[in-house]
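Subject: Structure for your review

Hello,

Here is the structure I said I would pass on.

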Amino acid sequence: MNALMALGFSEPEPINRLQIYQTEYTKEQAEQANLAFDESVTQYLRQWIEQGTVAGADRSVEVEHDTEEFIQQGALRSYFKHHDDALERLLQQDAIAQHLLRSSNQVYFEPDAYEPLLAKFEKRIYNLAAHREHLEVPFRYSPTSRQGAYGDSVSFADMPAGEAREDIGYYFGTRRSDTTALNLIARQLRHEALFSTLLPIHVVTEGYMEDSLRAIKTMTERLQAESHQQLHCFVVQRRHAADDRHLGAALLLMNTQQPDLPQRVLFCDTLKPNGKPPWWDKFKRYVDTVFPQPVGSPAASERLEDGGLNLQRLHDGVPIRHQDIDCAFYTASMARALIQITKLSPELISGSIEELVSRMTERMPEYFAQINVPKSPELVRQVNVIRRWQTGQEALIELQRAYQSTLSARQSTQLDTNDPSWDLVDQSDANLDLSSAA
């Protein structure tokens, strides 16, 4: 039995509504599904070649001599070279899209490292797509330096002697959150913050943490003249700095009549060894740099409060395949909980830090069994593996929908040009960069 838990739906939903249950999807089922997928891609590439769409250097003597061998080797890479919208085109094929978009309860995750069992051509698709900006399918592709000639992931056994070096980039469960993943999380948080009437909420996910604080100060200065509401809540989820890939969350309560000094500042980290976040002093410097106070006045950082949760596992002595690189998900859950509290119980935002943190854990059922009682590390690990798969699923769905909208717009334009009453043709869509549709 595949011990990993799965989502109870086929399309991504906010994590606080997840229905998690044990899946009995077996390795044998996954292998059969993967074989069927590889056959679907093989047939699609065969049709593409037969239509004469492979030209130039790719139509080598070897290709003409053995088309089937070319299909099994370099055809998919050639397809991606010929089409800037290769991944989008593949997602228009029902059999191919159904497999790529499958939910986690249709994936077999190998024990120990929770590596998903992917089809040969599936791995190639993710790897080749990652060569183009904004087409990365989060967590599912190997770094370009770990890819072979046809887009296959290079294993340890295939590395030249002396060059094999294990790191987090090898594993689905330890790859860092890329820009696509962080953008998807940011959009979810902004959606969560809509329609907050009692206390306006602003979600800040641009730049690094110091940049976010500067943006908050600038926005508060603008709100001083524009907003009739005096108090505004800002929720941040960002990386700390260019030289620090860790992500943190923060909440600032700002008074529009006093933009130079936050009324309240919470820093929400995911690690608290010995009771103190490792980045505490750095964040204090950020606050004082952005909100300098007059000589003789208390520093702005004296208002800083610790709203962090000890969720993330330390890496000391942990095998690389088990390292916890999931701070993006932890901080997203904390930020989401703070947004929900602000909308539903805004009085808590001005209450005690202990009560606020307790209510935050209450709204994080993916990580807490009950208020202030975290789930076991094993269960947390499984939830994060699910979230990794789901993030890739959401990225593919977005890409598919955006491309379908583009095709519909093109068809509409073509129909309009056949109408004698249509005078002016807008050719702007002819220059659309479809590789940025994600």
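By class, how many nonpolar, polar and charged residues are in the lining of the largest cavity? Four are nonpolar, one is polar and three are charged. Please keep in mind that this is a predicted model.

Cavity. The structure holds one cavity of 30 Å³ or more. The volume of the largest cavity is about 40 Å³. Its lining consists of Arg-176, Ser-177, Arg-239, Arg-245, Leu-247, Ile-325, Cys-327 and Ala-328. Strand 5 (244-255) and helix 11 (327-344) are the elements that give two or more residues to this lining.

Helix packing. Helix 1 (residues 27-50) packs against helix 7 (residues 120-129) at an angle of about 65°, and their axes are 7 Å apart. Helix 1 makes the contact with Asn-34, Phe-37, Asp-38, Val-41, Thr-42 and Leu-45, and helix 7 with Lys-120, Phe-121, Glu-122 and Ile-125. By class, five residues of this contact are nonpolar, two polar and three charged.

Strands. Strand 3 (residues 201-204) and strand 4 run parallel and are joined by four bridges. In this pairing, Ile-201 stands opposite Cys-233 of strand 4. Strand 4 (residues 231-241) is mostly covered, with ten of its eleven residues buried.

Regards

Key:
Residues numbered from 1 in each chain as written. Predicted model: local features only at pLDDT ≥ 70, side-chain atom pairs only at ≥ 80, totals over all residues. Heavy atoms only, no water. Axes fitted to C-alpha atoms, helices over the stretch in contact; angles between N-to-C directions. Contact = heavy atoms within 4.5 Å. Nonpolar A, V, L, I, M, F, W, Y, C, P; charged D, E, K, R; others polar. Buried < 20%, exposed > 50% of the residue type's maximum accessible area, 1.4 Å probe, protein only. Pairing = 2+ DSSP bridges. 1 Å grid on protein atoms, 1.4 Å probe; cavity = no way out; pocket = protein on both sides within 12 Å on 5 of 7 lines; lining within 4 Å. Points joined across faces, edges and corners; volume = space filled by probe spheres on them.
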